[in-house]
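Visitor: I would like to learn how to read a model like this one. Could you take me through it feature by feature?

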Amino acid sequence: MRRLLMMAVALGAAACSGKSGSKGGPTTTLVSASGTSTMGIVTDGASHVAYLLNAGPSYGTTGELHVADAMGKDTKIATGISVGAYAFSGDGKGLIFAQANPSGDDANLQWVDMSNPAAAPTMLFANGLQTQPINPGSTAPTFTVGLTGEGFFSPSGRFFVCGVLSPNVAVSPDLHVIDVDTGTDVFMRGNGGFDYLELVLPNDVMVFQDAVGGNSGVSGGAGLQTLFWVDLTSGTPTATTIDTRTGAYTPTGDNKTIVYQNADQRELFTWDAVARPAAGTKVASSALTFAVGQSGPIAYIGTDQSFHVVGLDGTAVVDV
């Protein structure tokens with residue numbers, strides 16, 4: 001919240017550039033439309049602000065979504081929008097927002113081109129996003145789950161990774177990645193792909209798991225949990241396999257290496273997230289759990305309850 005308020009102050013300062021108060025200092029300029037209340041301020045730094053107008057004080061309230069620029073030009077985007085259900089891309093080129101559908105059963109996701117916010121929003125998904133009841137234990141009325149409940153943004157703020165239910169599917173949403181700069185669905189994994197683990201590195205490389213071959217219904221075989229990587233900025237993002245039968249995985253603190261576990265053999269592997277080789281490198285065996293430092297080393301508990309520390313190249317550091 002402190003960061004948003006600070007950015008809102010920066011926006012106000014930009015809006016009053018060239019003006020001064022009675023004592024020669026800066027003044028503020030009203031950039032919002034007139035209404036009973038404003039809330040839910042979100043900015044992209046100092047160029048645009050998004051907020052709700054005429055939203056009530058009660059839990060689950062909705063209002064009109066507006067955006068304004070630093071010169072005070074205000075545009076009404078949509079109605080019936082919840083606090084937290086909208087966000088700018090990292091550089092402010094686009095805005096996405098979720099809106100509950102009239103049925104109340106789910107929500108849609110739309111995109112706004114911030115170079116022309118007065119144009120009609122682009123519908124990304126007409127259905128499939130989550131809603132929740134205003135009163136716990138009831139089924140109606142509902143309101144839209146905030147974007148942090150639908151997915152997460154990449155560290156750059158350019159990509160939004162989210163789960164979207166396919167038609168006639170009640171659980172296990174598909175994995176989608178939205179380029180919020182352009183409003184493009186650049187990558188997806190069907191058959192409940194969002195149920196598995198995903199992380200996005202600062203260079204917009206996404207590392208994720210998915211069960212391959214396990215989506216054939218009750219008559220099909222068990223899925224093979226596989227670890228993949230994909231460069232979301234490549235123009236045509238394509239998943240590449242790192243390893244199969246993988247369990248827990250985590251990046252080093254500097255995000256240069258992924259450490260992961262073979263779920264069957266309890267082996268530990270490292271994978272260079274910068275060079276991105278075809279396969280990981282085995283660094284330890286018989287590991288139950290592990291933890292990783294800033295740039296290594298790796299500490300792990302062995303299956304015999306022993307304690308070990310190894311470097312990212314597998315060099316033994318401590319054995320207890």
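Predicted model: local features only at pLDDT ≥ 70, side-chain atom pairs only at ≥ 80, totals over all residues.

Visitor: How many helices and strands does the chain have?

Guide: Helices (H or I, at least four residues) and strands (E, at least two) are DSSP runs, numbered from the N terminus. Here the chain has two helices and 26 strands.

Visitor: What share of the residues is buried?

Guide: Buried means under 20% relative accessible area, exposed over 50%, and partly exposed in between (1.4 Å probe, protein chains only). Of the 320 residues in the chain, 43% are buried. Accessible areas come from the Shrake-Rupley method with a 1.4 Å probe; for residues, only the protein chains shown count as cover. The chain's accessible surface is about 15400 Å², and carbon and sulfur atoms own 54% of that.

Visitor: And contacts along the sequence?

Guide: A contact means heavy atoms within 4.5 Å. Take the contacts between residues at least 6 apart in sequence: 34% of them join residues at least 24 apart.

Visitor: Which residues have the most contacts inside the largest nonpolar core?

Guide: A nonpolar core is a set of buried Ala, Val, Leu, Ile, Met, Phe, Trp, Tyr and Cys residues joined through side-chain atoms within 4.5 Å. The largest one has 31 residues, and Leu65, Ile81, Tyr86, Leu95, Ile96, Phe97 and Leu109 have the most contacts inside it. Elements giving two or more residues to this core include strand S2 (48-53), strand S4 (74-82), strand S6 (94-100) and strand S8 (122-129). Another core lies apart from it, with 13 residues, among them Ile242, Ile258, Phe269 and Ala273.

Visitor: What does Ile81 touch?

Guide: Leave out residues up to four places away in sequence. Then Ile81 touches Leu52, Thr61, Thr62, Gly63, Leu65, Tyr86, Phe97, Ala98 and Gln99.

Visitor: Where is Asn108 found?

Guide: Asn108 is in strand S7 (residues 107-113). It is buried, with 4% relative accessibility. Its side chain has a polar contact of 2.9 Å with the side chain of Asn101. A second one, of 3.0 Å, goes to the side chain of Gln110. Outside four places in sequence, Asn108 also touches residues including Phe97, Met123, Phe125 and Leu129.

Visitor: How many salt bridges are there in the whole structure?

Guide: Side chains of opposite charge can pair when their charged atoms come close. The criterion is a side-chain nitrogen of Lys or Arg within 4 Å of a carboxyl oxygen of Asp or Glu. A search of the whole structure finds seven.

Visitor: Which residue pairs with Asp210?

Guide: Asp210 forms a salt bridge with Arg189, and their closest N and O atoms are 3.0 Å apart. Asp210 is in strand S16 (residues 205-212) and Arg189 in strand S14 (residues 184-189), so the pair ties together parts 21 residues apart in sequence. Both residues are buried.

Visitor: What about Asp179 and Arg158?

Guide: Their side chains meet in a salt bridge of 2.9 Å, N to O. Asp179 is buried, at 5% relative accessibility, whereas Arg158 is partly exposed, at 28%.

Visitor: Which residues form the nonpolar patch on the surface?

Guide: Patches are made of residues with over 30% relative accessible area and no salt bridge: like charges are joined within 9 Å, nonpolar side chains (Val, Leu, Ile, Met, Phe, Trp, Tyr) within 5 Å. Here Phe307, Val317, Val318 and Val320 form the patch, with about 340 Å² of accessible area together. Phe307 belongs to strand S25 (residues 307-310) and is partly exposed, at 33% relative accessible area.

Methods:
Residues numbered from 1 in each chain as written. Heavy atoms only, no water. Polar contact = N/O pair within 3.5 Å; in protein donor to acceptor, adjacent residues only side chain to side chain.
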